[in-house]
Structure formats: structure tokens, C-alpha cells
Amino acid sequence: SREEVLGQTPRMFQGPETSRAELDRIRAALVVGEPVRSELINYRKDGEPYCLELMITPVRDDSGQITSFVSIQRDITGRKQAEQDRRISEERFRLVAALTSDAIWDLDLLTGKLWWSPGLTEIFGHVREPEKWTTAGWRDLVHPEDLERILKLEDDAMERGANSFTQEYRFRLGDGSWALVLDSGIIFRDDSGKPVRMLGSLANISEQRAAEERRQQAQRLEAVGQITGGVAHDFNNILTVILGNAELLLDHLSEDQQARLMADVTVRAAERGAELTDRLLAFARRKPLEPQVLALNDRLAASETLIRRTLPESIDIEIIRAAGLWRTEIDPGQLEVALLNLAVNARDAMPDGGKLTMETANSWLDDDYAASHVDVTPGQYVLLTVTDTGHGMTAETITRAFEPFFTTKEGGKGSGLGLSMVFGFVKQSGGHVKIYSEPGEGTAVKMYFPRVYAKAPEAEAPSNGSEAARGAEQILVVEDEELVRDSLCKQLLSLGYEVRAAANAREALRIIEQPVKIDLLLTDVIMPGGMHGGELAAAARELRPDLPVLFTSGYTENAIVHNGRLDPGIAFLGKPYRQKELASKVRAVLDAAQG
């Protein structure tokens, strides 16, 4: 009350949070007769603190002597609280902006002032020059082909009363390259609905989009691979019949040269078809591999002669072998086919000559690399790089290069299966393949094969026999396709063997249960009726533990193949096959069983 105040000093309003230093400053000013302005924490009668703004001015008489002081005081607690709240809010906003992986922007539509968080420097690499961070400066960083589209999108959003918008466009980085960004903004409006401010974030989604595209490509390739495997199975059965009967015709037409010529043409056509299905199965990762522990440097030396014959003299070949190269486990035959396919592609890319380089190295694919590439396991790899100095590929071509039947060559000059075969072989071997290329700068295909620690086996001497191996043993043939079964039986009979035939596993088991002599079970892998060749072999060995088994198929699925390779101890003959291959494999299995 008035009575409580009159006669008191200002100390009655002071308390524990009143600044003693500020009081001393005020007193010092008053002692020398100077006006002073200050802010203090004072207390109400009920003990509640409040923020006080005060101005004290001395009053002098005519002689200049101070007679009194006049003080104007104002409670500024509300204003101080608002300032503190705003400061905390701004600090929080800057903290969030600094911690986010995006660049935050704030545009005042009334003044045109544009603010950017440090993310524009830290994420996008632009020099921190706030005075240049204007709407005009932002437009200069947007790809010219995208600018008109995104400006129209923003204008449409503001005109139709939208409160937010999202858009994607290309944005220039500090080093001059382009990134794909996701720009998300919120539109603030005044009471009349007029846009007055926009706040948003700019995120670099280049890697995310690239990863999505890689996943989608992997899914497309996997889907195509599944379809391809089924087609190859049926096609291989057909080719087996054509090839088998054509070879039998050659044996029976020794006197008719014209007919022998026609049969020979049929054989060669069937072999070309077999090569096609072989590549399809390799791409689909359905081709049974017979991997060996290899010293890759030695294998390249052995393949150089074959590759040399494939390339014209205008193309130089260089092999660079890394010292101390680790060992890997891959199918040597498929490796040679892959190198030949890459050599042919290089030849076609260098019509005027050039250089083909094959280089080995030890390599490590780390977690970061694996995270950005589909189906890559971090670890140690043996790297084989095949590089040419040809015309190179565009980025779009690289994304489709592994697709079967995709080719940039003129009609009749390529099947489009070379790189898809390489892709399937490397993936089925547990590895990783990557293409690096630019138009006019050549192409490098990098194949990563997992490192192994086993020793390479001794090389076996190749067989030089020219005659088909023969025999007189009893063979049980199990094949559901009637044409294939009849052709196979005829070929075995022509080789001197005695043959029994069954159309499915159940029928074969009934024969095996009988007291008849069977020296070899030759069975297809994929058969209808609920029991495939692998299950038949297991059931047969329960009845006849020493019965040798030779599997044949044009498409094995997972019956006898796991992790891309034949199960241990499995004898396998892939369809289609030449009669000599059939004879050799049958004889080898029988001889191994007989000791």
C-alpha cells in the first residue's frame, strides 16, 4: 500500500537474485550525478520475482546542486519472458538444423530474405556466404531443365491454398556436380490467407535413389532368371533329343554323304542352341558349378592363348599379375567362358584396335561398400579386372548391361547374353561384379571372387581319347520326357550297354526292388510325381547301398545343387550333351564304382 512504501528505500524490493554488481554500478553513477539505466530482478510483496527496467535522472537546482532523483520504473517481465522463449526456440531450431542430415531453409516472402542452415555448406559443399544465399542464388543452383517445373509447382501450391509441398530436382553441389534432392516445404499464411513465409528442408537423395534402382534392377534380374531357368529346362530336353538322334543318324548314314551333311548341320545347329541355353542358365544362376581352388594368375596364363585367337592382331593383350595373390574357388571352365565373352565385347568395342588388359589384385570390400551395393558381403576378395580402350558405355547402358538379350550392337552381331552370363557366373560363385565406363573412355569390368584358404589341387592330365567309351553293363534310365528317354536309351544301346527304362521315380523304384542286375542308375533330376532325382537316388541306395548314380538335367533347381555348386560326390551330366560326353561320363562313373 501507499503507506507501506512511503519513507522506504528501494532495498525493500530487492532479494536474493537482485544483482549486487548492478546495484553498485547504479550507486556509482548517482554519486557523480549521472543518469543511469538498468535492469534488475526485484520482488513483489508476495515474494514473486519480476524484471524491472528503471531510468534514474538527477534533478539539479539553479546552482547545479543535485536536489533529488526522478526514477521511472517499468515491469518488463512479460517482454523478457518472450525474449527468452524466442531465444530458446531459435537455439533449438539451430540445434535441430545442425543435427539433421538435411539443409534447412527459411524464406520470408514479404522481404525475399532467405536463410540457410549450415547444412548447405556441410552437406552440399557450398561456401558459407549468407549474403549470397538469396532466392536468385538458389535458382542458379537448380538444374536449368528442372527450374521452370519446380517454380510452377510452388506457385500452384501457394495459389490453391496448400500448406505444404514436396518436389524432387537436380541441385548443384559445391564441386559443380549434380545431386538429386528432395525439397519439402511448409507454407505459412496471414489471417487473410496470403503466403508470408516458407520453411523447408533440402535432402540429398542421390545415393538413396541409386540404391533403390539397384534393388529394383536386382529384382528384375531375379525374376527374369526364374523364367529363364524354366525355359532352358524345356529347351534342353528338346535339344537333347535333336542332338542325340542327329548323332545316331551320322553313325547310320555312312554311305549317304548328302544325308550325313544334313545330319551334321543338325548337330551344329543343336550345339548353337545348347550354347544359348547354357548362357541363359549361367545368367539365371541355375548352372551347376564345379568349382576348384585356383591360383588365378596361373589360370590367366593358360587362357591367354585362347583369348589371343579370339582377338585380331590390332588389339594388344596385357596381363598384370599381382604378387602374393590370394586363392579363390571358382569353376575354371565358366571362368574361361566369362573371359572369352568379355574379350569378344572388348573386340567389338575396339573396331580400329586398342588394348585389352587383364589384371589381378587382392581386394577388400568394406561395410560401407556393401551397404550401397545389393547382395555384397563385406570381406576379402580376389579381384580380376578386364579393361578395354573401346568406345565405352553411357550410364543408362551400364544399368541395363547385365540384362539378358540387351545389346547395343547392330542386328546379328550379338546375342546380348555375354555380360548376363558373366553376371550370373560371378554371383553364383558368391562374388560381385561391377562395370566402370564412360563414353569414349573405355570399359572396366571388375569381378570379385571370395578369398579361400585351401590349397589348389594338382592339375589332371587331359584325356586325348577320340573314340566314345563303351561298355556292357546294365543301366536303369529314369526320364519323364518320352522323346528324351527313347533317345537316351538308343544312344546307350549303341554304346553296347543293356538298358532298362522308367518314366518316373515310382516306376524306377519298383524295378530296383526286383532281383535284377543294375550297374548304374542314370536319372533325370527334375521329374513330376512328387519325387525328384535326388530323392530317388537316396531311396535306391537304401535298397542297394553300392549303386552308383549319374544325374542328368537341363535345369537342376536345388535337388543336387546348393549354394550354386554340385553337392559333394555327385556325378552330373548337363543336358544337352554329345554322345561322346555321355559315353565318357557313364564310363567314368562305372569305373569309379568298380574300383
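A salt bridge (a side-chain nitrogen of Lys or Arg within 4 Å of a carboxyl oxygen of Asp or Glu) joins Asp-146 to Arg-170, with the closest N and O atoms 3.0 Å apart. This pair connects distant parts of the chain, since Asp-146 belongs to helix H6 and Arg-170 to strand S6 (residues 164-172), 24 residues apart. The model is a predicted one, in which local features need pLDDT of at least 70 and side-chain atom pairs count only at pLDDT 80 or more, while totals for chains, interfaces and linings use all residues. Residues are numbered from 1 along each chain as its sequence is written, and side-chain values use heavy atoms, with hydrogens and water left out. Helices (H or I, at least four residues) and strands (E, at least two) are DSSP runs numbered from the N terminus.

Asp-146 also meets Arg-149 in a salt bridge, at 3.7 Å from N to O. Both Asp-146 and Arg-149 lie in helix H6 (residues 144-159), three residues apart, which is about one turn of the helix. Accessibility was classed as buried (under 20% relative accessible area), exposed (over 50%) or partly exposed (in between), with a 1.4 Å probe and protein chains only. Asp-146 is buried because its relative accessible area is 7%. Arg-149, at 42%, counts as partly exposed, and Arg-170 falls in the partly exposed class at 29%.

The structure holds 22 salt bridges. One of them pairs Lys-80 with Glu-83, whose closest N and O atoms are 3.9 Å apart. Lys-80 and Glu-83 are both located in helix H3 (residues 77-99), with a separation of three residues, about one turn of the helix. Lys-80 is partly exposed, with a relative accessible area of 28%; Glu-83 counts as partly exposed at 28%. A network of salt bridges links Lys-80 and Glu-83 with Arg-37, Glu-39, Glu-53, Arg-74 and Arg-79.

A nonpolar patch on the surface is formed by Met-55, Val-59, Val-70 and Ile-72, which together have about 350 Å² of accessible area. Patches are made of residues with over 30% relative accessible area and no salt bridge, like charges being joined within 9 Å and nonpolar side chains (Val, Leu, Ile, Met, Phe, Trp, Tyr) within 5 Å. Accessible areas come from the Shrake-Rupley method with a 1.4 Å probe, and for residues only the protein chains shown count as cover. Strand S2 (49-60) and strand S3 (66-75) each contribute at least two residues to the nonpolar patch. Ile-72, found in strand S3, is exposed because its relative accessible area is 57%.

Five strands form an open sheet in the order S17-S16-S18-S19-S22, with parallel pairing. Strands S17 (498-502) and S22 (572-574) are the edge strands, each pairing on one side only. From one strand to the next, the twist averages 20 degrees. Two strands are taken to pair if DSSP finds at least two bridges between them. Strand S18 (residues 520-524) and strand S19 (residues 549-553) run parallel and are joined by four bridges; Leu-521 has Val-549 as its bridge partner in S19.

Helix H14 (residues 482-494) lies across strands S16 (474-478), S17 and S18, and runs at about 170 degrees to S17. Helix H16 (residues 533-543) lies across S16, S18 and S19, at about 155 degrees to S18. Contact means heavy atoms within 4.5 Å. Axes are lines fitted to C-alpha atoms, for helices over the stretch in contact, and angles run from 0 to 180 degrees between N-to-C directions.
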